[in-house]
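Here's a walk through one protein model, from a single residue out to the whole fold. Keep the structure open beside you as you read.

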Amino acid sequence: MKVGIIGSGDVGKKLGDGFVALGHSVKIGTRDVNKLAEWASKHGTHASAGSFADAARFGDIIVIATSWAGTTSALEMADPQNMAGKVVIDVTNPLDFSTMPPTLAIGRTDSAGETVQRLLPAARVVKAFNIVGNPHMYKPSFSEGRPTMFICGNDDSAKKMVTDILTAFGWESVDIGGIEGSRLLEPLAMLWITYYFRTNTGNHAFKLLRK
Ligand SMILES: NC(=O)c1ccc[n+]([C@@H]2O[C@H](COP(=O)([O-])OP(=O)(O)OC[C@H]3O[C@@H](n4cnc5c(N)ncnc54)[C@H](OP(=O)(O)O)[C@@H]3O)[C@@H](O)[C@H]2O)c1
């Protein structure tokens, strides 16, 4: 499978590492390909860098991993037409860094997931991977077992594909419904972030317990 990743930060690179490790080909999009030279060279022919539009054209499946402040601009540069009909995994959290710890810039009546779906009306957007720090996105290892990744989106076949990806990445998935579920998953990321700032550790993840 060819994976196009819009976003060159820690998330884009970490998820890129995971997809390459699973045998996929990855192109990360950025405004400055020089910053990805080391990342691309470590993966040889399975990884490359290009513009946001190059990555959007390349991928059979797309990952959005941009800062909230840059997301609209990055998706415009990527060109929504290049993602029409494709499964798009939205990892963004709508964080406002004007105070620290950051807060949610939007919520309750809207979300980043819904914003991304509006910006990419012909794409099949699935919210995933947003509720954990990037070091644990691929093959999370916790003594209490596999953590839970909650996902949401409007297209069942897209969620099935993302569930299969999450399983390969080492996660249990729980589907919470349509893309408006992002109004719950983005505050859940804030809970992860709050615990991070209170404990100064990033070694935590959520698990849904049932009986
Ligand atoms: N860090 C984590 O562990 C973590 C975990 C869960 C979710 N998230 C969410 O995942 C997303 C990515 O996080 P990150 O820490 O990897 O990276 P980030 O620093 O939040 O974002 C980096 C990306 O945003 C792009 N960008 C920034 N301003 C832009 C602008 N004005 N126009 C176009 N593009 C712009 C950058 O473009 P260039 O490549 O051109 O510089 C880069 O590709 C965020 O929404 C974050 O909240 C992060």
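## Starting at Ile179

Ile179 counts as buried because it has 23 C-beta neighbours inside 10 Å. Buried here means 20 or more other C-beta atoms within 10 Å of a residue's own, exposed means 12 or fewer, and partly exposed is anything in between, with C-beta atoms placed from the backbone. You'll find Ile179 in the loop between β10 (172-175) and α7. Element names come from DSSP runs, numbered from the N terminus: helices are H or I with at least four residues, strands are E with at least two.

Before going further, a word on what you're looking at: this is a predicted model, where local features need pLDDT of at least 70 and side-chain atom pairs count only at pLDDT 80 or more, while totals for chains, interfaces and linings use all residues. Residues are numbered from 1 along each chain as its sequence is written.

What does Ile179 touch, not counting residues up to four places away in sequence? The list is Gly113, Glu114, Gln117, Val125, Lys127, Cys152, Gly153 and Asn154. A contact means that two C-beta atoms, placed from the backbone, lie within 7 Å.

## Helix α5 and its cover

Helix α5 spans residues 112-119, and six of its eight residues are buried, so call it mostly covered.

Eight strands make an open sheet of mixed pairing, in the order β3-β2-β1-β4-β5-β8-β9-β10. At the edges are β3 (47-50) and β10, each with a single partner strand, so one side of each has no neighbour in the sheet. Direction ignored, neighbouring strands are turned by 25° against each other on average. Strands count as paired if DSSP finds at least two bridges between them.

Take two of the pairs. β9 and β10 run parallel and are joined by four bridges, with Thr148 partnered by Glu172 in β10. β4 and β5 also pair in the parallel sense over four bridges, and here Ile61 has Val87 in β5 as its bridge partner. Helix α7 lies across β8 and β9, at about 145° to β9; axes are lines fitted to C-alpha atoms (for helices, over the stretch in contact), and angles run from 0 to 180 degrees between N-to-C directions.

Val88 counts as buried because it has 27 C-beta neighbours inside 10 Å. Leaving out residues up to four places away in sequence, Val88 touches Ile62, Ile64, Met83, Leu120, Ala123, Arg124 and Val125. Val88 and Val162 are 74 residues apart along the chain, yet their C-alpha atoms are separated by 9.1 Å.

The largest nonpolar core has 52 residues, and Ile6 and Val63 have the most contacts inside it. Such a core is a set of buried Ala, Val, Leu, Ile, Met, Phe, Trp, Tyr and Cys residues joined through C-beta atoms within 7 Å. Helix α6 (residues 156-169) gives the largest share, five residues. Beyond four places in sequence, the contacts of Ile6 include Phe52, Ile62, Val63, Ile64 and Ala74.

## Around the ligand

There are 24 residues around the ligand, and Gly9, Val11, Thr30, Arg31 and Gly70 come nearest. To be near, a residue needs its C-beta atom, placed from the backbone, within 6 Å. α1 (10-21) and α4 are the elements giving two or more residues to this shell, and α4 gives the most, with five.

Most residues other than glycine have a negative phi, and most peptide bonds are trans. Arg108 has a positive phi of about 70° and sits in the loop between β7 and α5. Lys139, in the loop between β8 and β9, has a positive phi of about 50°. Met100 and Pro101 are joined by a cis peptide bond, with omega about -5°.
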